[in-house]
Amino acid sequence: MLRTRLPLSLCYIPPRNHQTIPSLLSNSQPYPRPPTVCKNASSTTEQQFDPSFTKPKQPPISAYIHLPFCRKRCHYCDFPIVALGSSSSQVGYDNDPRISNYIQLLIREIKATKFESDIQPPLETVFFGGGTPSLVSPYLIASVLDVLKFKFGLSNEPEISIEMDPGTFDYIRLREILELGVNRVSLGVQSFQEELLQVCGRAHGLKEVYEAIEMVSSCEGLENWSMDLISSLPHQTEKMWEESLKCTVDAGPKHVSVYDLQVEQGTKFEQLYTPGVFPLPTDFQSADFYKMASKTLTEAGYNHYEISSYAKDTYQCKHNMMYWQNKSFYGFGLGSASYTNGIRFSRPKRLKEYIEWVQKLEVGTVSYGTSDVEVKDTAMDVVMLSLRTARGLHLKEFGKEFGWQLASKLCEAFRPFVDRGLVVPLDQDRRVLSSDEFELGKGERTYFIRLSDPEGFLLSNELISIAFGVI
């Protein structure tokens with residue numbers, strides 16, 4: 001899995017070549033790599049904020065559960081995982097003490113977690129991510145769900161998602177997982193070319209991909225399933241990417257996530273490849289992959305509702321939307337992150353340190369960091385997360401929370417990009433406004449600004465950097 005997923009990481013990666021920013025105003029517009037998620041905490045400009053603003057304190061109604069187990073580490077992966085080694089089938093891990101011991105540790109963490117307010121609403125979304133959660137026995141997943149129900153409660157119709165990889169489940173296992181209340185499956189296909197799966201170090205092959213698709217698409221009661229793809233892989237051609245997109249559309253998932261490969265520090269890919277240098281695609285080729293995905297999936301009836309996410313009507317991932325809307329959430333497990341009471345904090349990424357962290361949590365000696373979160377940091381989070389979505393940044397709400405002066409300065413900074421068609425202003429009915437109509441004030445018509453698809457999304461890193469400079 002890639003860094004664009006949350007909440008293992010919430011970060012904004014600035015453009016690799018900051019000199020591309022001024023050139024956005026020129027006639028020849030460079031396209032950097034498709035965007036990733038990271039947070040830049042730096043700020044050099046003083047700004048007046050609305051003194052009435054208070055950081056969000058709504059109690060979380062979402063929980064991310066990290067199940068870190070994989071058969072092997074993929075060559076692009078830098079997530080906190082535990083590689084179990086090869087096995088003839090997924091059932092070979094069902095009695096693995098490494099998994100059962102971790103689940104008991106995870107349950108201890110959940111039980112020791114303190115409520116952030118006197119009233120704890122029931123959870124509306126739960127997401128089992130990894131790693132490869134489908135390697136974990138259903139009865140162990142059931143034990144985690146049971147403690148979540150006991151500790152927080154579940155709403156009447158919660159969205160409960162689980163990531164599953166081809167070759168790690170059969171139809172019986174799938175049915176057992178769904179019977180627990182899981183109602184959304186995210187299938188980690190990544191590619192429809194055998195050679196690319198091998199290049200990535202994936203534990204499954206193309207045969208397992210088609211078997212997995214057949215199981216999830218024909219399973220009674222499982223309507224809501226998603227598929228993950230990766231673009232910009234080594235030796236990947238435009239024809240290969242076109243084929244993967246076509247196969248995805250033909251498979252008919254309700255949701256598709258398209259991630260651009262990022263060569264992360266400490267991975268095998270970092271040892272083998274240099275970004276932008278063959279056999280990796282150039283930045284221009286990566287941009288073409290992104291535009292092809294946007295065009296193909298949109299024409300197939302998918303709404304491009306977030307930079308990396310496409311969904312049929314009503315099938316947006318409710319859990320991920322909590323992140324994009326900057327709402328509070330719980331994270332549990334190795335390396336996972338939480339956002340509670342206006343504070344973001346992460347667990348250790350190494351198992352030994354995580355064990356010690358849980359022990360400290362149980363005796364009440366864990367420090368979550370300072371509660372004195374600067375308003376400008378929250379403002380940057382809101383801008384970065386909002387501009388990743390098709391809904392965009394709600395300027396009226398932003399102005400009320402952080403001050404109209406700051407909102408007006410953001411509009412001023414973005415005006416050249418409205419003229420270029422990279423930033424789109426909208427009124428309260430989400431009607432597109434012309435550049436001449438792009439004004440902001442308490443009585444003005446501009447309610448939202450969003451990035452255009454795909455050109456604005458492609459340049460989101462640069463545009464968000466400009467917003468951060470203003471803040």
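1. A residue is called buried when its relative accessible area is under 20%, exposed when over 50%, and partly exposed in between (1.4 Å probe, protein chains only). By that rule, 59% of the 471 residues in the protein are buried. This is a predicted model, in which local features need pLDDT of at least 70 and side-chain atom pairs count only at pLDDT 80 or more, while totals for chains, interfaces and linings use all residues. Residues are numbered from 1 along each chain as its sequence is written, and side-chain values use heavy atoms, leaving out hydrogens and water.

2. The protein has 15 helices and 16 strands. Helices (H or I, at least four residues) and strands (E, at least two) are DSSP runs, numbered from the N terminus. A contact means heavy atoms within 4.5 Å. Of the contacts between residues at least 6 apart in sequence, 74% join residues at least 24 apart.

3. Strand β7 (residues 225–231) is mostly covered, with seven of its seven residues buried. In a regular strand, side chains alternate between the two faces of the sheet. In β7, one side carries Trp 225, Met 227, Leu 229 and Ser 231, the other Ser 226, Asp 228 and Ile 230, and all of these are buried.

4. Two strands pair if DSSP finds at least two bridges between them. β7 pairs in the parallel sense with strand β6 (residues 184–190) over five bridges, and with strand β8 (residues 255–260), also parallel, over six bridges. Together, β7, helix α6 (residues 238–251) and β8 make a right-handed β-α-β unit. Right-handed here means that, with the strands pointing away from the viewer, the path from the first strand over the helix to the second runs clockwise.

5. A separate open sheet to look at has three antiparallel strands in the order β14-β16-β15. Its edge strands, β14 (393–394) and β15 (423–426), each pair on one side only. Between β15 and strand β16 (residues 448–451) there are four bridges, and Pro 425 stands opposite Ile 449 in β16.

6. Helix α2 (residues 138–151) has 14 residues, which at 1.5 Å a residue should span 20 Å, and its end C-alpha atoms are 20 Å apart, in agreement. The expected span is 1.5 Å times one less than the number of residues. Among the buried residues of α2 are Leu 140, Ile 141, Val 144 and Leu 148. Their cover includes β1 (62–67), α1 (97–112) and β4 (123–130). After α2 comes Gly 153, with a positive phi near 80°.

7. The whole structure holds 13 salt bridges, each a side-chain nitrogen of Lys or Arg within 4 Å of a carboxyl oxygen of Asp or Glu. In one of them, Glu 362 and Arg 108 have their closest N and O atoms 2.7 Å apart. This pair links distant parts of the chain, with Glu 362 in helix α10 (residues 351–363) and Arg 108 in helix α1, 254 residues apart. Glu 362 is partly exposed at 38% relative accessibility, and Arg 108 is partly exposed at 33%.

8. Asp 288 and Lys 291 also form a salt bridge, with closest N and O atoms 3.7 Å apart. Both lie in helix α8 (residues 283–299), three residues apart, about one turn of the helix. Elsewhere, salt bridges that share partners join Asp 427, Arg 431 and Glu 437 into one network.
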